[in-house]
Amino acid sequence: MCMTHAMTAQDSLLDPKDAFTDPLHHKTYLIDGQLKAWNGAMAQVYSPIRTLVNGVEKPVLLGSAPELKEQQGLEALAAARKAYDNGRGAWPTMPAADRIAAMEKFVDRMVEQREVVVKLLMWEICKRKKDAVKEFTRTVDYLRETIVEYKKLHREGSHIHNVEGTLAQIRRGPLGVVLCLGPFNYPLNETFCVLLPAILMGNTAVFKPAKYGVLLITPLLEAFRDCFPPGVINIVFGRGRELAAPIMKSGHVDVLALIGNSKSSNALINHHPKPNRVRQVLGLEAKNPAIILPDADLDLAVNQCVSGAWSFNGQRCTALKVIYVHKYVRAEFLEKFAAATDRLRAGLPFADSDITPLPEVGKVEAMQAYVDEAVEMGAKVINAKGGETAGAIFFPAILFPVSRAAAIFREEQFGPVCPVIEFEDIEEVMADIAESDYGQQASVFSQNPEAMGKVIDQLVNQVCRVNLNASCQRGPDALPFTGRKDSAVATLSVRAALRSFSIRTLVACSEGRKDMLEGVVSGRHSTFSSMDYLL
Ligand code: G3H
């Protein structure tokens, strides 16, 4: 096993000369096109990064954000409802070209804030620099691609079908008011990749940023205000229980767009007096397995398991969260995996460290609890540095052998601990996957096409993406991203998101009475029934 130097507290401590000197005390929120001033309670925002103040370790204060109350949440909802106006509002009935123009303007304004948002991604959630830059760029690219796809969808709706003598023009129309709640691990990307497609389709929204990664939304508030008509996007800050629950209880939410976990989404849906009316667009938890067959290229498998399990400290819904390895190669795999893991560099995000502080309060302790319980049930931490801590850094721990009774075997750990299970017969793996509450993706490692083919056929109906000799991931963003069981509801991709936030609606008449439709179109009397071809 490769022995490396132990981490020291110094790895996680900020040099005072790099301190965050200008805390951002943000005091406004966006409702009905106005940035309203908030004079009530504020939530202090601390970084997971600590610094020494007079010899004592303290987390760095990044600023504060409003802790709005139920009343402001309901005002935001009222503004979104007014802008939608049962589908008759200016935004849902606006020509597509005008909505596109608003979105293009927003994306340009967003790009101007790149530097500050990237900096906050590093300070608030400790995303390493190159990944923070990637999150920003990927989001901008996604939004630009969304506009291209929306034009295609619109063009598809600009012609008339003749079905058995019935003429029909079919377009996708908005659903209504969207409540949008995002996660802390991709606070910009995953939120904007649902919020903005929803808006472009003609819906209106109330958006509440995540608890961690909240300040990085604030530099974009003016762009939201300036680029979209009043009430189309309303942005509120505060606790989910205080804001989201009453909004759902009102019964006036048509779509719940939530990237997070199924406990939160179920609780919110149950608050709605008519849950059947709420369209759900949900990206939820997962327990993606890596399956290493006896003929796998082990160096490749190790390399992919390191990035798959540990990138952003394992805080990705697509992370590899359990590794199954065949007994013939288990010893060699573990030795190589442990050595490669211990070579990762822990530290602060600014220098592109592989392992960085964990943003969630209590997360280090939660990771330790997974390890302790598994060890009590007979597991060992396989890598020398596994479980070392320094401030909010928890060095990745590989556990083997892991009892199926241990929590780390069943639950989504969303952090830097990974159980490894040895198998002899692939049936053991398939039985576990069938019993799991999750069904997002899987990774399979083999050099044998016949063996691979068999596993593919058994997995494709259990998960929604099988990665061959590669770790799990969401991208490229044009591919469908979804999951079975408790892992997702609806499908996301540049194109699929536009479909998830809309419904087909059509105008029809009999062939014999086409004069009316011709009159409407040629007289340009309707936005919907227009043959305008967006280029
Ligand atoms: O946290 C879930 C993300 O959608 C994962 O995306 O595979 O690109 O990291 P990623």
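How many salt bridges does a search of the whole structure find? In this predicted model, the search returns 23 salt bridges.

Asp108 is part of helix α3 (residues 96–112) and Arg144 is part of helix α5 (residues 129–156), so the pair ties together parts that are 36 residues apart in sequence. Asp108 is partly exposed, with a relative accessible area of 44%. Arg144 is likewise classed as partly exposed, its relative accessibility being 39%.

Helix α5 also holds both members of a further pair, Lys152 and Glu149, which are 3 residues apart, or about one turn of the helix. The closest N and O atoms of the salt bridge between Lys152 and Glu149 are 3.1 Å apart. Lys152 is partly exposed at 34% relative accessibility, while Glu149 is buried at 12%. Beyond these pairs, salt bridges link Arg138, Glu190, Arg474 and Asp477 in a network.

Positive charge is also found gathered on the surface, in a patch made up of Lys69, Lys211, Arg239 and Arg241. Of these residues, Lys69 is placed in the loop between β6 (56–66) and α1 (70–84). With a relative accessibility of 37%, Lys69 is partly exposed.

The cysteines were examined for disulfides. A disulfide is a covalent bond between the sulfur atoms of two cysteines. With a cut-off of 2.5 Å between sulfur atoms, the count is 0 disulfides. For Cys193, the closest cysteine sulfur is that of Cys180, at 10 Å, which is too far for a bond. Cys193 is buried, its relative accessibility being 0%. Cys227 is in no disulfide either, as the nearest cysteine sulfur, in Cys193, is 17 Å away. Cys227 also counts as buried, at 7% relative accessibility.

The backbone was then considered. Most residues other than glycine have a negative phi, and most peptide bonds are trans. Against this background, a cis peptide bond runs from Phe400 to Pro401, with omega near -15°. Pro401 occurs in the loop between β19 (397–400) and α13 (407–410). The bond joining Gly475 and Pro476 is also cis, and its omega is about -10°. Pro476 is located in the loop between β23 (466–468) and β24 (484–485).

The loop between β23 and β24 contains Asn469 as well. Asn469 is not a glycine, yet its phi is positive, near 50°. The relative accessible area of Asn469 is 25%, so this residue is classed as partly exposed. A positive phi, near 60°, is also found at Asn313, again a residue other than glycine. Asn313 is in the loop between α10 (298–310) and β15 (320–326). In contrast to the partly exposed Asn469, Asn313 is buried, with a relative accessible area of 1%.

A further loop position is that of Ala384, between β16 (380–381) and β17 (389–390). Ala384 is partly exposed, with 33% relative accessible area. The distance between the C-alpha atoms of Ala384 and Thr341 is 9.4 Å, and these residues are 43 residues apart along the chain.

Key:
Residues numbered from 1 in each chain as written. Predicted model: local features only at pLDDT ≥ 70, side-chain atom pairs only at ≥ 80, totals over all residues. Heavy atoms only, no water. Patch = residues over 30% accessible without salt bridge, like charges linked within 9 Å, V, L, I, M, F, W, Y side chains within 5 Å. Areas by Shrake-Rupley, 256 points an atom, 1.4 Å probe, with all protein chains shown as cover. Salt bridge = Lys/Arg side-chain N within 4 Å of Asp/Glu carboxyl O. Lys, Arg positive; Asp, Glu negative; His and termini not counted. Charge placed at Lys NZ, Arg CZ, Asp CG, Glu CD. Helix = DSSP H or I, 4+ residues; strand = E, 2+ residues; numbered from the N terminus. Buried < 20%, exposed > 50% of the residue type's maximum accessible area, 1.4 Å probe, protein only.
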